[in-house]
Amino acid sequence: MTNPLAPGSLSGQRVLITGSSRGIGAQTATYLAEAGASVVVNYRNKAARADKLVATLTAGGAEARAVAADLTEPSSVQAMFDRVRTELGGLDVLVLNASGGMEQGVAEDYAMQLNRDAQVNALETALPLLAPGSRVVFVTSHQAHFIETVQTMPEYEPVARSKRAGEDALRALIPTVEAAGVEFVVVSGDMIEGTITATLLERSNPGALATRKEAAGKLYDVAGFAAEVALAAVEPVPADHTRYVGDISSFVS
């Protein structure tokens, strides 16, 4: 997958991507950095992985830095954005990519803490740093976006409902965000081959990926979906604030 963004097209732009030390977040960071943006790679506890990504980006001539923050801890989030203010002076793009809830050993309400409460707190904390004309991108799945009308796999349902709750809570902030001159868009994608979520689902429900791929006709891989997230940061926002990636016919029929 080639970078969908032209070299230099984001020169001078400042970007922070939550949960971007691996997977979709890391690939999105790569596309944006290669296009000239100064990128903040956020991670929770995998410093070595985040530092390796930053080293790769800077070796290619990009400007990037890794900043740790546990999104479920407001003080940690505040410290991250304080550092962004000090070192970058503000943000032009905030990509809310981090999510979870299928991990072993987490609290019962962890999915809601991360996928709803932490998303709202991250946006509200970042808003003073977002200048007029900037963009907020929230990454979700079709299985979460359509959970109120289309049943998903039992193993994923708690995560899907928490991500839909997060999307609803963020959408409720659109008037406030737009009053600050900031744009907001949701990127909703199908199951993504190669992600940790797909791996966990396949482990608990063997054949789930193949079944969905047959129904959809195609599933995006990490690089392909990240390209759509990167484009969502720069292309016009749809009227309903939603950018669909992949087939949605089985969700709306």
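**Notes on charged residues**

1. Glutamate 157 counts as partly exposed, at 26% relative accessibility, where buried means under 20% relative accessible area, exposed over 50% and partly exposed in between (1.4 Å probe, protein chains only). This is a predicted model, in which local features need pLDDT of at least 70 and side-chain atom pairs count only at pLDDT 80 or more, while totals for chains, interfaces and linings use all residues. Residues are numbered from 1 along each chain as its sequence is written, and side-chain values use heavy atoms, with hydrogens and water left out.

2. The side chain of glutamate 157 meets that of arginine 161 in a salt bridge (2.9 Å, N to O), the term standing for a side-chain nitrogen of Lys or Arg within 4 Å of a carboxyl oxygen of Asp or Glu. The two residues are 4 apart in helix α6, and are therefore separated by about one helical turn; helices (H or I, at least four residues) and strands (E, at least two) are DSSP runs, numbered from the N terminus.

3. Arginine 161, partly exposed at 35% relative accessibility, also forms a salt bridge with glutamate 148 (3.5 Å, N to O). Glutamate 148 lies in the loop between α5 (142-145) and α6, so this pair ties together parts that are 13 residues apart in sequence; glutamate 148 itself is exposed, with a relative accessible area of 58%.

4. Arginine 135 and glutamate 183 meet through their side chains in a salt bridge (2.8 Å, N to O). Because arginine 135 lies in strand β5 (residues 130-141) and glutamate 183 in strand β6 (residues 183-189), the pair ties together parts that are 48 residues apart in sequence. Arginine 135 is buried at 6% relative accessibility, whereas glutamate 183 is partly exposed at 34%.
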